[in-house]
There are 2 protein chains.
Amino acid sequence: MTYSPAQPWNATSRDVRRSMRRHLREESTAIVATVVSVDGSGYRRPGARTVVEPTGESTGAVTAGCLKESVIDAARKIVADGEPQLRTFDLQDDDDAWGLGLGCNGVIDILFEPLDASFRPALDELRENLPVTVLTAVESTASTVSAGDRTVLTSDGWSSTERNSLPEPVVTSIENRLDATASKATGSLSVTTNAGTIRVFVNRLTPTPTLLLFGGQEDVNPVTSLASRAGFRVHVVTARSGHADADRFPDATDVSSIRPPQLGDLVEAPSSTFAVLMSHNFIDDQLALDSLLETAVPYIGVMGPRKRFRELRESMDRTLDTADLDRIAAPCGLALGSDSPTEIGFSIVSEVLAVHNDRSGGRLTELEGPIHNRSEIG
Amino acid sequence: MTYSPAQPWNATSRDVRRSMRRHLREESTAIVATVVSVDGSGYRRPGARTVVEPTGESTGAVTAGCLKESVIDAARKIVADGEPQLRTFDLQDDDDAWGLGLGCNGVIDILFEPLDASFRPALDELRENLPVTVLTAVESTASTVSAGDRTVLTSDGWSSTERNSLPEPVVTSIENRLDATASKATGSLSVTTNAGTIRVFVNRLTPTPTLLLFGGQEDVNPVTSLASRAGFRVHVVTARSGHADADRFPDATDVSSIRPPQLGDLVEAPSSTFAVLMSHNFIDDQLALDSLLETAVPYIGVMGPRKRFRELRESMDRTLDTADLDRIAAPCGLALGSDSPTEIGFSIVSEVLAVHNDRSGGRLTELEGPIHNRSEIG
């Protein structure tokens with residue numbers, strides 16, 4: 001397979017964040033374009049982001065492709081202008097039949113901003129595996145507030161950036177509304193103050209998820225490369241130090257070995273870590289499972305047939321309760337009829353994506369409700 | 001992502017067949033190892049195959065990795081010996097706890113054969129997109145039959161190879177048993193004749209599936225590369241000739257353009273062709289759908305929200321009946337909560353794999369029944 005980060009449509013959130021960090025480190029000029037809202041059914045949801053360089057090179061995609069040129073043109077103008085700016089792309093056609101397309105036929109609001117140090121506080125929180133919410137003004141009738149003004153909400157409280165902060169009453173109002181609805185969605189909210197109305201883009205960012213693969217045999221490799229492709233940081237952990245050779249798993253972020261009862265010690269960010277036990281060794285998997293259950297990881301996949309898990313479970317010292325079983329997937333994977341190691345990789349990575357996004361994995365055509373995991377707030 | 005065909009565990013059936021064709025073309029020495037039966041729960045099912053070169057390089061995997069050295073050693077001995085041979089790998093341990101592993105702890109029968117011209121008739125049928133069944137003796141108490149004797153069942157009837165054919169009564173007996181059970185499984189059957197008992201490996205082979213992607217925007221690219229990785233031949237078809245640039249879709253087998261009402265004309269092997277409409281253009285998708293419904297393709301995925309498909313359907317000249325709707329997936333894909341183009345690629349390719357293997361795509365942990373799509377016959 002040909003995979004190049006130069007193909008912007010292959011980029012994951014992780015790639016986009018890496019690109020942002022690199023530009024900040026190298027102090028090179030770039031523009032960040034972020035979908036703020038989509039009217040109708042868009043190809044991508046609010047929060048989708050692309051980093052555009054002055055050359056026109058980009059990482060990430062905000063549409064299915066149709067707006068590519070327009071987005072790059074707009075980004076270049078922002079480079080020249082220097083100020084954050086909201087642009088509306090109205091691609092609806094007068095002809096009804098054409099207006100029913102996807103994304104490129106809808107109305108999309110995109111915020112264009114210079115990639116400046118105001119992005120750093122959020123990137124730093126994410127690097128520490130902490131979620132973060134970035135509030136950015138996108139439109140304002142208040143003379144004291146401009147598009148791009150920003151306040152960052154971290155677990156420690158409010159954080160300002162090198163840009164102007166949002167007025168305190170605006171941030172408080174948004175915090176209260178988010179708390180009241182327990183919303184985790186990304187989207188825009190309008191706040192009216194004495195000074196005017198300010199539309200704020202509420203960007204909820206979560207850490208890059210980690211896939212912890214326990215096993216050292218060859219079949220770990222396709223799972224590693226597919227999970228990496230899907231945007232996971234992949235940590236391969238073997239029970240035998242002789243198997244912990246980084247060259248064997250070139251797409252893994254980390255390769256290490258550990259005694260199975262200590263596997264849980266390797267979990268750095270429990271809420272964003274997904275684990276799969278595929279050592280093909282009954283005792284090792286059992287000890288590793290026992291260890292992981294002591295952590296708060298939301299997903300523990302166990303490879304192998306139902307009978308094996310039943311026996312594994314019955315011979316454990318602990319009794320698995322409903323909360324334990326809710327996060328154990330045994331057999332792990334989606335029902336794709338997989339046989340080859342690559343198909344098994346698709347089965348597992350797709351299940352982890354579904355769990356990560358709180359979905360069932362079943363066929364969309366047989367389900368009801370929205371396709372996307374994020375719904376707009378407002 | 002690092003993907004190398006030199007990593008045998010990444011190989012798909014398509015890669016294994018390509019390797020076989022290349023060795024036959026170049027007349028280079030190689031051994032084919034094929035799983036004939038698995039006692040208990042194996043990592044791979046009967047029919048799993050690896051091609052081993054005298055250097056020890058291999059393509060494809062018959063286990064999760066544990067038997068790698070033994071399989072390569074056995075293959076090398078066959079090279080020296082020259083005769084097909086069945087080998088049993090019994091990796092069960094006396095200790096019950098260890099005996100409950102996967103694959104590498106079970107009993108696996110593997111047939112080792114020189115990669116000779118007897119493989120060609122089946123490969124030729126597959127290249128013509130025809131299914132084919134290869135019958136190969138793996139054990140025999142009849143003095144007239146040896147391991148490796150082979151008869152090929154094609155849609156045209158029986159075909160012999162450069163090896164000895166199986167005795168007519170044996171082939172007839174197997175054909176009758178397959179017809180009686182309508183079995184499509186790969187596995188082994190024993191036939192007793194006056195001369196003795198012959199165990200025959202019945203290998204059901206289907207053509208490499210094709211994924212026909214109708215669309216020319218950038219989001220086609222991740223679907224193309226993931227489908228190629230999953231073992232599909234990918235044909236990208238655009239409605240605009242300007243988009244039909246092979247450089248834009250480096251993992252596609254074919255890139256071409258056509259007027260949407262003629263899309264069905266490009267379907268060469270309907271029963272093994274899966275189509276996804278992702279042109280992002282309402283009229284083009286509608287015309288393409290109408291054209292594909294004239295063919296016998298088993299799957300037509302339509303990208304986009306439910307509302308769009310409802311309107312697309314209502315404004316068609318034809319009325320879609322149940323048989324039509326059964327093969328239309330709208331929205332296409334599994335419910336992974338996908339947002340990025342890569343995640344959408346996983347969603348679509350996983351659904352196509354599930355449909356190809358006659359599975360639901362739901363989570364295995366919430367389903368009953370076997371994990372694998374093939375069950376043994378016998």
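Helices (H or I, at least four residues) and strands (E, at least two) are DSSP runs, numbered from the N terminus.

## Basis of the model

This is a predicted model, in which local features need pLDDT of at least 70 and side-chain atom pairs count only at pLDDT 80 or more, whereas totals for chains, interfaces and linings use all residues. Residues are numbered from 1 along each chain as its sequence is written, chains are lettered from A and ligands numbered from 1 in the order in which they are written, and side-chain values use heavy atoms, with hydrogens and water left out.

## Backbone features in the loops

A:Glu27 is located in the loop between helix H1 (13-26) and strand S1 (31-39) of chain A. Its phi is near 55°, a positive value in a residue other than glycine.

In chain A, a cis peptide bond links A:Ala330 to A:Pro331, with omega about 0°. A:Pro331 belongs to the loop between strand S16 (328-329) and helix H9 (341-356) of chain A. In chain B, B:Ala330 and B:Pro331 are likewise joined by a cis peptide bond, with omega about 5°. B:Pro331 sits in the loop between strand S16 (328-329) and H10 of chain B.

## Annotated domain and aromatic pairs

An unreviewed UniProt entry carries the annotation "domain: XdhC Rossmann" for residues 211-352 of chain A; such annotations may be inferred rather than shown by experiment, and their positions are given in the numbering used here, with feature names shortened. In the model this span is 35% helix and 18% strand, and its end C-alpha atoms lie 8 Å apart.

Rings of Phe, Tyr and Trp (its six-membered ring) pair if their centres lie within 6.5 Å; planes under 30 degrees apart count as stacked, over 60 as edge-to-face and the rest as tilted. Over all chains, seven aromatic pairs are counted by this rule. One of them is the tilted pair of A:Phe89 and A:Phe112, at 6.2 Å centre to centre and with 55° between the planes. Because A:Phe89 lies in strand S4 (residues 85-90) and A:Phe112 in strand S5 (residues 107-114) of chain A, the pair ties together parts that are 23 residues apart in sequence.

Axes are lines fitted to C-alpha atoms, for helices over the stretch in contact, and angles run from 0 to 180 degrees between N-to-C directions. Angles under 35 degrees count as roughly parallel, over 145 as roughly antiparallel, 65 to 115 as roughly perpendicular and the rest as oblique.

Helix H6 (residues 220-229) and helix H10 (residues 341-356) of chain B pack at about 45°, with axes 8 Å apart, and are therefore oblique to each other. In their contact (heavy atoms within 4.5 Å), H6(B) contributes B:Pro222, B:Val223, B:Leu226 and B:Ala227, while H10(B) contributes B:Pro341, B:Thr342, B:Gly345, B:Phe346, B:Ile348 and B:Val349.

Helix H7 (residues 282-292) and helix H8 (residues 306-314) of chain B pack at about 60°, with axes 10 Å apart, an angle that makes H7(B) oblique to H8(B). The residues in contact are B:Phe282, B:Asp285, B:Gln286 and B:Leu289 of H7(B) and B:Arg308, B:Phe309, B:Glu311 and B:Leu312 of H8(B).

## Helix packing between the chains

Helix H5 (residues 220-229) of chain A packs with H6(B) at an angle of about 175°, with their axes 13 Å apart; the two are therefore roughly antiparallel. A:Pro222, A:Ser225, A:Leu226 and A:Arg229 of H5(A) meet B:Pro222, B:Ser225, B:Leu226 and B:Arg229 of H6(B).
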